[in-house]
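Please read the numbered points beside the sequence and the model.

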Amino acid sequence: MKSFYHTHFDLIANVQAPVRRMLMDEIDWSRRLIGIKGSRGVGKTTFLLQYAKERYGEDKRCLYINFNNLYFTEHSLFEFAGEFYNQGGRTLLIDQTFKYENWSKELRMCYDSYPELQIIFSGSSVMRLIDENQDIQDVVTVYNLRGFSFREYINLKTGLELKSYSLEEILNNQSTITKNILEKINPHHYFQDYLKFGYYPFFLEDRNYSENLLKTMNMMMEVDILLIKQIDLKYLSKIRRLLYLILTNSPGPANISQLAVEINTSRATIMNYIKYLKDARLLNTLYIEGEDYPKKPKQLYAHNTNLTHAVFPDYSDYDSDRKTFLYNALHAKHKVNIGKYHSDFCVDRKINFKYDTKSANRHSSKIYYIIDTLEVEYKNEIPLWLFGFTY
């Protein structure tokens, strides 16, 4: 146990978290079993360590462990948690959960056996923490850690503490919100850089961002999809090629039959692969309202613009870039479907948005027009960059 504490205190002493993630204030920390999901690279480990440092400091009632540690090949989580608990430990932070074979069963054993123990664990976005884990589905509370929002990116770059706004606040008061932000910063000075390399925290590292992201994308496919979903390694090349083909035409229609021909596999298999890529947060799927997997999506999007720029360094499709940003921003906290009334997106079954570059087309009172300018003139127009402030 002493070596685990040594590692724990060394990690929290050196954790680099220059921006406090908004999720920190959204979680109900009173719950005894909390799962933090997120795609590889968004900062789950840093988030856990930041919580430990902020909430507990050097208090030994909290301990961070990582299932990368070979100790857990010969010792059970339940056994370890019991020893920690008996020594006065009360909050156990667990990283790399999927690497422990019986993780959900033993989490439940810990939950039932140690009534004052809180466990907070990280999980891949591919893991179905509730749907596929009956052991814990009635006791776990799951939260999603997303990549940096545009707001978080600006705060990190400038040292400002710009606040977030709900979609409802933006729709009802966008003029005042825009004015308040523009008094402090010009968002357009940072927007293009954010689209290229602002979503994943490792832009803070002294390494080539695109190469680092490409490596992370491959790890998502090799580990988060193949290992967790128990898919044979021989199919990796098909999944990688499928992602490349989709990103080539993203955003675009989901031509499943053509993709099946290109990959030399069945339509059903293509649909499964697309779902895995979506769960890994490499893709976003856009459906007609009322439809979902296993039905065919209407359109396919890159999950975020950084992915496309990493794969295609010379990518220059201005409008596609901005539509992808808009979808990702809306999708973070809302249900998004194909838009009605010739719009791009319908949010929560009632609010329609259209990314628009032609002022002559902005005539429908049923649509909010998203404009790539600093400010707008009319109530049914909203600056595109402002959607980066929704979290």
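This is a predicted model: local features need pLDDT of at least 70, side-chain atom pairs count only at pLDDT 80 or more; totals for chains, interfaces and linings use all residues.

Where is the place of Pro 294? Pro 294 sits in the loop between S7 and S8.

1. Cis peptide bonds. The bond that joins Tyr 293 and Pro 294 is cis, with omega about 15°. A cis peptide bond also leads from Ser 250 to Pro 251, and there omega is near -5°. Pro 251 belongs to the loop between helix H9 (236–248) and S6.

2. The sheet S6-S8-S7. Three strands make up an open sheet, arranged in the order S6-S8-S7 with antiparallel pairing. Strand S6 (252–253) and strand S7 (283–286) are its edge strands, each of them pairing on one side only. Between S6 and strand S8 (residues 299–302) there are two bridges, in the antiparallel sense. Pro 253 has Gln 299 of S8 opposite it.

3. Helix H11 (residues 267–279) lies across S7 and S8 and runs at about 120° to S7. Helix H13 (residues 318–331) also lies across S7 and S8, but its direction is at about 85° to S7.

4. The buried face of H4. In helix H4 (residues 103–113), the buried residues are Trp 103, Ser 104, Glu 106, Leu 107 and Cys 110. Viewed down the axis of H4, these buried residues fall within an arc of 165°, and therefore they line one face of the helix. Their packing partners are strand S1 (33–38), helix H3 (77–86), strand S3 (91–95) and strand S4 (118–124).

5. Salt bridges. The structure holds 16 salt bridges. In general terms, side chains of opposite charge can pair when their charged atoms come close. One of the bridges is formed by Arg 20 and Glu 54, whose closest N and O atoms are 2.5 Å apart. This pair connects distant parts of the chain, 34 residues apart: Arg 20 is in the loop between helix H1 (2–14) and S1, and Glu 54 is in helix H2 (residues 44–55). Arg 20 is partly exposed at 36% relative accessibility, and Glu 54 is partly exposed at 45%.

6. Asp 344 forms a salt bridge with Lys 323, with 3.4 Å between the closest N and O atoms. Here too the pair links distant parts of the chain, 21 residues apart, with Asp 344 in the loop between strand S9 (336–338) and strand S10 (345–347) and Lys 323 in helix H13. Both Asp 344 and Lys 323 are buried. Elsewhere, salt bridges with shared partners join Arg 20, Asp 25 and Glu 54 into one network.

7. Positive phi angles. Asn 264 is not a glycine, yet its phi is positive, at about 65°. Asn 264 is found in the loop between helix H10 (256–263) and H11, and it is exposed, with a relative accessible area of 64%. His 342, also not a glycine, has a positive phi of about 65°. His 342 lies in the loop between S9 and S10 and counts as exposed at 75% relative accessibility.

Key:
Residues are numbered from 1 along each chain as its sequence is written. Side-chain values use heavy atoms; hydrogens and water are left out. Buried means under 20% relative accessible area, exposed over 50%, partly exposed in between (1.4 Å probe, protein chains only). Helices (H or I, at least four residues) and strands (E, at least two) are DSSP runs, numbered from the N terminus. The arc is that of the directions from the helix axis to the C-beta atoms. Contact means heavy atoms within 4.5 Å. Two strands pair if DSSP finds at least two bridges between them. Axes are lines fitted to C-alpha atoms, for helices over the stretch in contact, and angles run from 0 to 180 degrees between N-to-C directions. A salt bridge is a side-chain nitrogen of Lys or Arg within 4 Å of a carboxyl oxygen of Asp or Glu.
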